[in-house]
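Trainee: I would like a close look at one part of this model, the site where the ligands are held. Please take me through it step by step.

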Amino acid sequence: MKLFEYEAKQILRYYGATTPRGVVVAQGEDPLTKIREAGLAGRLVVKAQVLVAGRGKAGGVKLAPSPEEAAEIATRMLGSKIKGVTVRKVLIEEAVEHDREWFASITVDRASRDFVLLLSTEGGVDIEEVARERPEAIIKYHIPPERGLLPYKARELGKEIGLRGRALNSFASTLVAMYRAFVDHYADLVESNPFTVVKDRVVLLDARMIIDDSAIRLGLVKAEQDPAETGELSEWEVRARRLGLNFVELDGYVGIVGNGAGLTMATMDLVKHFGGEPANFLDIGGGASAEVMKKALSILMEYPKARSIFINIFGGITRCDEVAKGVVQALREVGSGKPVVIRLVGTNEEEGRAILEGAGIKAFTDPAEAAKEAIRLGGGE
Ligand code: GDP
Ligand code: MN
């Protein structure tokens, strides 16, 4: 999960890093009141809290000469769209006067099975561009996971990017803070682009973190993000995600529901094999309770791309009669506006089929037959 800048900064401050003083303002709140309550004065920076790349260039970072103007900018920014994503929160921070900008990031290197730290004196700009055009401007250090990032090493690296004295001490503790935040949150990325030095102290002007979703369960992060925030999902994927469903939008016309990712993918392959086109991927998981089935069918009944619905269930732990009851109940509740084809095998399949047939739903045992029927009913060959 990608964290917002203000969330990443909150975590990094907890580990001892310094960020500019600031306040988060959400839609519906009055920016000027929040700015005054936070005691912010002078030149401020207004930063849209969106998870899209290149936010600054897309107009998501604006400098304001006064709190009043910052409030105006914030009001305009809240509710507007940056690269298609609605801005629901802004971070308003004191504008830090600075002349130099550095880059630091820690990521997982799966190939070398360790963590890799990148540092550059050319912060603030697109780091990929620096890597391409001036690779010598990037310092790379593989952190041995068994030892971690040791302070002496952090100091050595700081010297390499030109830091000395107290600024170097501040840099070393900041880098160790970033590393600890990274490890504690099972992060895939901790990045600051840029950070700067003000009065011998390292200040993170920007911060990004991508953490393992399981870290949320550890209670280290509260973040419960709306799926729409990433800007990476389609409208239907967002709707499904909000229902807790694992749904991927595709371009065909046969709606797919399977229990288990492998079976669901095999179901899509089968539809393809017989000349049809899957409209989606939707895995309702091994449990496949009546409740989840109801959610799945309610989405697919509304999802305009699906002209027929193909449910492919293997009853293992979940018994087929349970699944059948769920399907019947779901269709009764969400309506049966589209033709539904079910293939059902496994534990208690006879009972399951009897329940479905009692409700007038034809159940198949042969997946190929079921796939062909779903394609036909969807208007394919
Ligand atoms: P990004 O485009 O999402 O990476 O946004 P950043 O937070 O990195 O901001 C873009 C640029 O705005 C930075 O490279 C800085 O030059 C500038 N910037 C960000 N925060 C501050 C700040 O507090 N003070 C000043 N003067 N500039 C800032
Ligand atoms: Mn940045």
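Trainee: How many residues surround ligand 1, and which are the closest?

Mentor: The model is predicted, and what follows should be read with that in mind. Ligand 1 is surrounded by 15 residues, and the closest are Lys47, Arg55, Gly56, Glu101 and Asp206. As for where the ligand lies, ligand 1 sits in the largest pocket. Strand 2 (44-48) and strand 10 are the elements that give two or more residues to the shell around ligand 1.

Now the polar contacts. The side chain of lysine 47 has an N or O atom 2.7 Å from an oxygen atom of ligand 1. At glycine 56 the backbone takes part: one of its N or O atoms lies 2.7 Å from an oxygen atom of ligand 1. Valine 96 also uses its backbone, with a polar atom 3.1 Å from a nitrogen atom of ligand 1. On its own, ligand 1 has 560 Å² of accessible area, and the protein covers 78% of that.

Asparagine 193 belongs to strand 10 (residues 187-198), while aspartate 206 is in the loop between strand 11 (201-204) and strand 12 (208-211), so the pair ties together parts that are 13 residues apart in sequence. Asparagine 193 and aspartate 206 are both buried.

Definitions and conventions
Residues are numbered from 1 along each chain as its sequence is written. Chains are lettered from A and ligands numbered from 1 in the order in which they are written. This is a predicted model: local features need pLDDT of at least 70, side-chain atom pairs count only at pLDDT 80 or more; totals for chains, interfaces and linings use all residues. Side-chain values use heavy atoms; hydrogens and water are left out. Helices (H or I, at least four residues) and strands (E, at least two) are DSSP runs, numbered from the N terminus. Buried means under 20% relative accessible area, exposed over 50%, partly exposed in between (1.4 Å probe, protein chains only). A residue is near a molecule or strand if one of its heavy atoms lies within 4 Å of it. A polar contact is a pair of N or O atoms within 3.5 Å; within protein, one must be able to donate a hydrogen and the other to accept it, and residues adjacent in sequence count only if both atoms are side-chain atoms. Accessible areas come from the Shrake-Rupley method with a 1.4 Å probe; for residues, only the protein chains shown count as cover. On a 1 Å grid over the protein atoms alone, a cavity is a set of points where a 1.4 Å probe fits but cannot get out, and a pocket is an open set with protein on both sides within 12 Å along at least five of seven lines; lining residues have an atom within 4 Å of a point. A molecule sits in a cavity or pocket if more than half of its atoms lie within 2 Å of its grid points.
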